[in-house]
Amino acid sequence: MDAKDKISQFVEESGPVVSEVADRVWDLAEVRFKTDKSADEYEKVLRDNGFTVRRGAAGMDNVLIASYGEGKPVIGILAEYDALPNMNQTADLARQQQDKPGAAGHACGHNILGAGALAGVLAVKKLMEEESIKGTIRFYGCPAEESGYGKAFMTRAGLFDDCGAILAWHPSDAAGVASRASIGVAQMYFKFTGIPAHAAGAPELGRSALDAAELMNVGVNFLREHMIREARIHYAFIDAGGTAANVVQPTACLYYFVRAPYNDQILDLCNRVVKCAKGAAMMTETSVDVQWDSAICCYVPNQTLNQVIYKNLQKFADLHLTDAERLYEQKYYDTISAQARASLLARVQKAFPDKREEEQERIAAEPILEELMPMEPATMDMGGGGTSTDVGDPSWKVPTAKFTIGCEPQGTAVHSWQWCANGKSSVAHKAALAAGKVFAATAYDLFMDPDLIRKADADRLRMLNGKTYHSLIPDDVKPGQ
């Protein structure tokens with residue numbers, strides 16, 4: 001039995017424990033930095049399996065750094081375990097329904113994301129023991145990926161600096177490697193304060209914070225015409241001043257996301273958004289307090305690491321689904337729109353242009369995409385915008401690569417009730433184990449050939465093209481403040 005067959009065996013042996021952790025974290029559904037019980041689940045298993053565990057770092061109680069081995073290379077595997085607010089969903093149900101209205105839910109698959117990382121490091125440790133492999137395998141438990149950005153604070157604190165490579169994954173509706181850069185983002189609160197008054201009896205005495213917030217949004221909406229095409233700006237009302245229409249609202253608060261490819265572009269756009277806020281405050285004779293929440297840099301893909309991962313995806317990404325599992329996923333696929341189905345066909349046509357038309361149509365109609373997406377060259381082209389990830393910050397300092405496993409119903413969206421409902425299924429459990437095998441096999445390849453790490457670092461520097469890392473988060477901003 002070769003090393004990768006052993007890895008597969010070790011991961012399968014850990015399957016019951018890994019799946020139990022994934023399901024318990026799904027049930028807990030903790031958000032942002034308040035992932036105490038979810039982190040407890042991982043800490044216990046890691047300690048019980050002989051890892052040295054450090055709990056708490058970079059100002060966050062629920063950071064986990066679990067290590068086994070000694071010396072270099074240090075291979076880091078990233079885990080997440082936070083859920084999304086108000087995304088509670090009944091498990092296994094093919095219609096939107098909340099068991100606990102307003103509660104959080106794992107609509108981004110982080111319950112199996114962390115479990116896959118756990119499966120990977122457990123298998124690597126066993127192989128290192130059996131084959132006397134030198135180096136260090138490290139599990140990084142990272143809170144608050146969903147808008148709080150634990151990994152950005154961890155990078156700012158230097159927690160990844162001694163790593164030779166960092167590996168990450170994410171559940172998806174298609175398996176492959178991340179070849180494009182993501183987009184960076186900064187997040188700020190705009191808290192307006194005015195003067196309350198009776199809206200009919202003495203309106204001249206009032207100064208409306210809600211008016212200021214609405215005027216700020218108008219100004220930003222006009223700003224959209226005058227920003228780079230890759231940029232994105234979006235917002236939510238955190239406080240609309242109350243529910244009394246006959247009171248001039250004395251408070252209002254907006255939560256803004258400002259996205260652009262690079263730090264200088266983000267900061268320039270943030271300054272313009274702040275000017276809109278200050279102008280709105282001036283027009284309404286209110287005041288505005290600007291508070292940073294968090295920020296992340298764009299993700300830097302790595303061709304060398306992608307090539308290593310892709311070979312392991314070819315071996316392990318197939319979930320070997322049963323007919324019953326395909327039928328289970330079909331009920332979610334049946335909920336997607338005609339537009340989503342058309343997009344799936346376009347994706348298949350682009351990915352597999354050599355296949356016959358009827359075969360392309362068959363693949364696009366599968367409830368789970370069982371084909372591995374082709375690997376494209378790594379590029380800093382972001383494709384006209386997109387999502388952001390806090391894996392971006394460590395990728396600026398350490399060679400980093402991400403992959404996906406196709407375990408979510410085709411055509412369903414990230415942050416959807418379908419993903420949450422699917423989160424405790426046997427398909428989700430299989431995906432966590434498949435990710436574990438890819439992690440462990442890739443770590444093994446890097447341990448056996450340290451020159452891959454040198455090549456990967458050269459790729460990182462080439463992608464950055466002279467740019468250096470600087471955290472977008474101001475020095476005085478603390479996690480979750």
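Modeller: We will go through the sheet, one of its strands, some aromatic pairs and a helix. Please keep in mind that this is a predicted model, where local features need pLDDT of at least 70, side-chain atom pairs count only at pLDDT 80 or more, and totals for chains, interfaces and linings use all residues. Residues are numbered from 1 along each chain as its sequence is written, and side-chain values use heavy atoms, with hydrogens and water left out.

Biologist: Okay, in what order do the seven strands of the open sheet come?

Modeller: The order is β1-β2-β4-β3-β5-β11-β6, with mixed pairing. Strands here are DSSP runs of type E with at least two residues, helices are runs of H or I with at least four, and both are numbered from the N terminus. Two strands pair if DSSP finds at least two bridges between them.

Biologist: And which strands stand at the edges?

Modeller: Those are β1 (52-57) and β6 (176-177), and each has a single partner strand, so one side of each is left without a neighbour in the sheet. For β6 that partner is β11 (residues 400-406), joined to β6 by two bridges in the antiparallel sense, and Val177 has Phe403 as its bridge partner in β11.

Biologist: Which helix lies across β3, β4, β5 and β11?

Modeller: That is helix α14 (residues 426-448), which runs at about 160° to β5. The angle is taken between N-to-C directions on a scale from 0 to 180 degrees, using axes fitted to C-alpha atoms, for helices over the stretch in contact.

Biologist: Let's look at β5 then; how many of its residues are buried?

Modeller: Eight of its eight residues are buried, where buried means under 20% relative accessible area, exposed over 50% and partly exposed in between, with a 1.4 Å probe and protein chains only. Ala165, Leu167, Trp169 and Pro171 point one way from β5, while Ile166, Ala168, His170 and Ser172 point the other way.

Biologist: What does β5 pair with?

Modeller: Three bridges join β5 to β3 in the parallel sense, and Gly76 stands opposite Ile166 in β5. With β11, the pairing of β5 is also parallel and runs over seven bridges, and there Ala168 has Lys402 as its bridge partner.

Biologist: New topic: how many aromatic pairs are found in the whole structure?

Modeller: The search finds 12, counting rings of Phe, Tyr and Trp (its six-membered ring) whose centres lie within 6.5 Å, with planes under 30 degrees apart called stacked, over 60 edge-to-face and the rest tilted. In one of them, Phe190 and Tyr256 have ring centres 5.6 Å apart and planes at 85°, so the pair is edge-to-face. Phe190 belongs to strand β7 (residues 184-193) and Tyr256 to strand β9 (residues 251-260), so the pair ties together parts that are 66 residues apart in sequence.

Biologist: Is the Phe403 you mentioned buried or exposed?

Modeller: Phe403 counts as buried, at 2% relative accessibility. Phe403 also forms an edge-to-face pair with Phe439, at 5.1 Å centre to centre and 70° between the planes. Phe403 lies in β11 and Phe439 in helix α14, so this pair ties together parts that are 36 residues apart in sequence.

Biologist: Last one: which residues of helix α11 are buried?

Modeller: In α11 (residues 357-364) they are Gln360, Ile363 and Ala364. Seen down the axis of α11, these buried residues fall within an arc of 95°, so they line one face of the helix; the arc is that of the directions from the helix axis to the C-beta atoms.

Notes:
Contact = heavy atoms within 4.5 Å.
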